[in-house]
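This report describes how the two chains of the structure below meet, and then turns to selected features within each chain.

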Number of protein chains: 2
Amino acid sequence: MALGFSMVALHSRRTEGEDKIFATNNAALNAAKVVGSDRVVNASIGALLNEDGSLSVLPTVIDLLRNLPPEEYAAYAPIGGLPSFLEAAKKAVFRHHVPKGYMEAVATPGGSGAIRHAIWNYSEIGDAILTSDWYWGPYKTVAEEHGRTLETYSLFDEKDAFNLTSFKEKTVSLLEKQSSIVILLNSPAHNPTGYSLSMEEWKEVITFLRSQASNTEKRIILFSDIAYIDFSGDVDDSRAFMELFGDLPQNILTIVAFSMSKGYTLYGMRCGAMIGISSNPDVAKEFKSANQFSNRGVWSNGTRPAMTVLAKIFEDPQLLKQVEAERRTLQDMLTERADVFIQEAKKANLKICPYKAGFFITIPCKNPDLVAAALQKEYIFAVPLGKGLRFAVCSVPKIHCATVPQTIARIIQQVDADL
Amino acid sequence: MALGFSMVALHSRRTEGEDKIFATNNAALNAAKVVGSDRVVNASIGALLNEDGSLSVLPTVIDLLRNLPPEEYAAYAPIGGLPSFLEAAKKAVFRHHVPKGYMEAVATPGGSGAIRHAIWNYSEIGDAILTSDWYWGPYKTVAEEHGRTLETYSLFDEKDAFNLTSFKEKTVSLLEKQSSIVILLNSPAHNPTGYSLSMEEWKEVITFLRSQASNTEKRIILFSDIAYIDFSGDVDDSRAFMELFGDLPQNILTIVAFSMSKGYTLYGMRCGAMIGISSNPDVAKEFKSANQFSNRGVWSNGTRPAMTVLAKIFEDPQLLKQVEAERRTLQDMLTERADVFIQEAKKANLKICPYKAGFFITIPCKNPDLVAAALQKEYIFAVPLGKGLRFAVCSVPKIHCATVPQTIARIIQQVDADL
């Protein structure tokens, strides 16, 4: 926005960027009004939709939420979160793969709140936060809101595997300039690519961070964003890497961000938690204390009824089984869509980022904005990113996932040829 | 906490202060286990309780919340809040007293989130935020979390009226040092004193701020915290002062903080909004844009089902009437308790701060910690503040409100005599 007379502080003055997800979704909705929603492929929405376009929900979770006693909606939760919720969150996060170490948890509004606290409390103003070149846009928003910048390493190497070399280079270079580094690592089922680090890749990451921690003047904060973990295959296998967070040097703190948004289809309830793991009990205690203080100093406390629902689920094995069965149906639906998309992309010679699981598939391309615009004329609405298109398989029926890759391949060729 | 090895950023290192409200409440619960809850007066809790000690709720609100379609719990709200909610919030805030000017609203988690955004976006790091010497503790927490300090003026003059002189002095002095000033003004039914500025006092405040705004280099942000407005008498009379927020110079921005916590007994749902009013459309637009960016950069979005509930209430006059009738019953219960407390305090020659309405009554005294400790031996649990005791009439049955002032008066005399 053009800045006329301004009342905000210097650091809050900025030109308003267009929200591309919002704009793409709006364009899709408008097109649906004109040509009918069955002809429109709206791949902009980051939520899991059923084949008929309705939002996927876990009925057991909704039933629990609707049938709490009145006080559970009305009363404040404690600042740090209901203790029963924090215990449940730990179980939900680790299952059988609890890392060894001292552990503390603090409730946050979804994963976003955890990112905020991690950045604010574990980096200095002016620091750069590290993530991969394909990243969820709000990482940058949170960094900028708090006077930090975002730096990136290349997520993929030439073999479409995790680019450990780039990761190492950037980490080393930031640790030369800063006394601490916050690394935002979104795996499994990375948003936007759907990539998951293999166990081998995780081990290499941790081994490297251990080596960097030998400089005891430096502090390394590994922020493990697992927002999509419940849609990334087997419940236990997908969590095996978390054991690597145990027994690390005291100057490596791992923070795992838990969210009820996707795994419990409670996006709108804003409930999550951050779990800190350290080999030093003081660091764990400080984690609790600093982030609890931040809760009070930012949003006060969290959404109690959602906390109670998670506690109930993990107190009752039967309920947990039900939730998992319902979720499996959704995951199967998602996997089928991704499978057919990948298969058709291969047939169409359409290059995609290495997808393992999750809500999105990305298509690298040279002119994302032009390609996205041209696709809209074919009633396909995908979000242009810096280096490609984000296609939300989570929100597109299987029948469209089968036909769209052909069209995308054709449009990319056309756009590239026209330039 | 003693700082051993630390991982947090420099600005996040602090010694952990005891939460006195939490500690007092805990002591009360422990005492209740020993002597029975009927002998314990727990005046620490900042929520309205029924005479039997259960949490007061508005049944209509809870019914609405429980009977939404599944998608309303599951889906994300837009970053800035559901448009229907923002419209409802404006109605809930102003009723028939809409100030003239350009107005924008952004959803926040309760009033706390609005305080955070106002401080972050409208003051520079290092600035002092202004409020009165009796204040809600978290004002300081929010300021400190964000690298600001809190400065205070004397709330009351020798006649127990609003201390305009002190307010003016502090404002002038801060405006000499800073290019902008954020003033947190909690009225009506101020927490912790229960004071409400009269219309005359409000006019004087605004006239003074207008005069300060004649220096066009300075920016004045008046943050009107109305958390308890729905428990401060007549719905419309209590809002008359808000018309004064209209037609102000462009370098005065008024922000009104709306919360569903108390007025809709949805403390645990974390839903509120901040409404900015300016005579300059650019300032209103910037308000929307800056605070929406902050939403995305801090907690992402708000609790959708609570937003939907408020929208429903203000779309249906019959529902609004029902909610107001239910709330009136609660307000009458609260007023009766306060009335009897004040009456008995007078009989006992116990000085209290000038109470008009709200959840708390405060008793100024020289040694709040000692007095609070001595009262605990009589099974009376009130929160020690810097300059007195906070007694939560909202959570103490009427029968105790009638007897407690005598005891407090006696204990204060004893403590003072012993020193």
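## The interface

In this predicted model, the contact between the two chains draws 80 residues from chain B and 80 residues from chain A. Chain B and chain A bury about 7,000 Å² between them, and 61% of that area lies on carbon and sulfur atoms. Within the area that chain B buries against chain A, Phe5(B), Met7(B) and Arg66(B) supply 12%, more than any other three residues.

Polar interactions also cross this interface: 42 residue pairs are found in polar contact between chain B and chain A, and the count of salt bridges between the two chains is two. Side chains of opposite charge can pair when their charged atoms come close. Such a salt bridge is formed by Arg116(B) with Glu145(A), whose closest N and O atoms are 2.8 Å apart. The side of chain B that touches chain A receives two or more residues from each of several elements of chain B, namely the helices α2 (59-66), α3 (70-74), α5 (110-122), α6 (138-145), α9 (281-298) and α10 (304-315), together with the strands β6 (219-225) and β7 (252-259). The largest share of that side, 11 residues, comes from α9(B).

## Symmetry of the two copies

Chain B is superposed on chain A by a rotation of 180 degrees with 0.0 Å of shift along its axis, and the RMSD is 0.0 Å. The two copies are thus related as by a two-fold rotation axis. The same surface serves both copies, since 100% of the contact residues of chain B recur in chain A.

Which residue of chain B comes closest to the rotation axis? That residue is Arg66(B), whose C-alpha lies at 2.5 Å from the axis; Arg66(B) is also one of the three residues named above for their share of the area that chain B buries against chain A.

Chain B contains an open sheet of three strands in the order β9-β12-β11, with antiparallel pairing. The edge strands are β9 (360-364) and β11 (383-384) of chain B, each of which pairs on one side only. Strand β12 of chain B, residues 388-392, runs antiparallel to β9(B) and is joined to it by five bridges, and Pro364(B) stands opposite Gly388(B) in β12(B).

Helix α13 of chain B, residues 398-418, lies across β9 and β12 of chain B and runs at about 165 degrees to β12(B). In chain A, helix α13 (residues 398-418) holds Arg410(A), which forms a salt bridge with Glu378(A), the closest N and O atoms being 3.2 Å apart. Over all chains, a search of the whole structure finds 34 salt bridges.

Most residues other than glycine have a negative phi, and most peptide bonds are trans. In chain B, the peptide bond from Ser187(B) to Pro188(B) is cis, with omega near 0 degrees, and Pro188(B) has its place in the loop between β5 (180-186) and α8 (199-212) of chain B. A cis peptide bond also joins Asn191(B) and Pro192(B), with omega of about 15 degrees, and Pro192(B) lies in the loop between β5 and α8 of chain B.

In chain A, Ala189(A) lies in the loop between β5 (180-186) and α8 (199-212). The phi of Ala189(A) is near 60 degrees, a positive value in a residue other than glycine.

Definitions and conventions: Residues numbered from 1 in each chain as written. Chains lettered and ligands numbered in written order. Predicted model: local features only at pLDDT ≥ 70, side-chain atom pairs only at ≥ 80, totals over all residues. Heavy atoms only, no water. Least-squares fit on C-alpha atoms with pLDDT ≥ 70 in both. Contact = heavy atoms within 4.5 Å. Pairing = 2+ DSSP bridges. Helix = DSSP H or I, 4+ residues; strand = E, 2+ residues; numbered from the N terminus. Axes fitted to C-alpha atoms, helices over the stretch in contact; angles between N-to-C directions. Buried area = accessible area lost by both parts, 1.4 Å probe. Salt bridge = Lys/Arg side-chain N within 4 Å of Asp/Glu carboxyl O. Polar contact = N/O pair within 3.5 Å; in protein donor to acceptor, adjacent residues only side chain to side chain.
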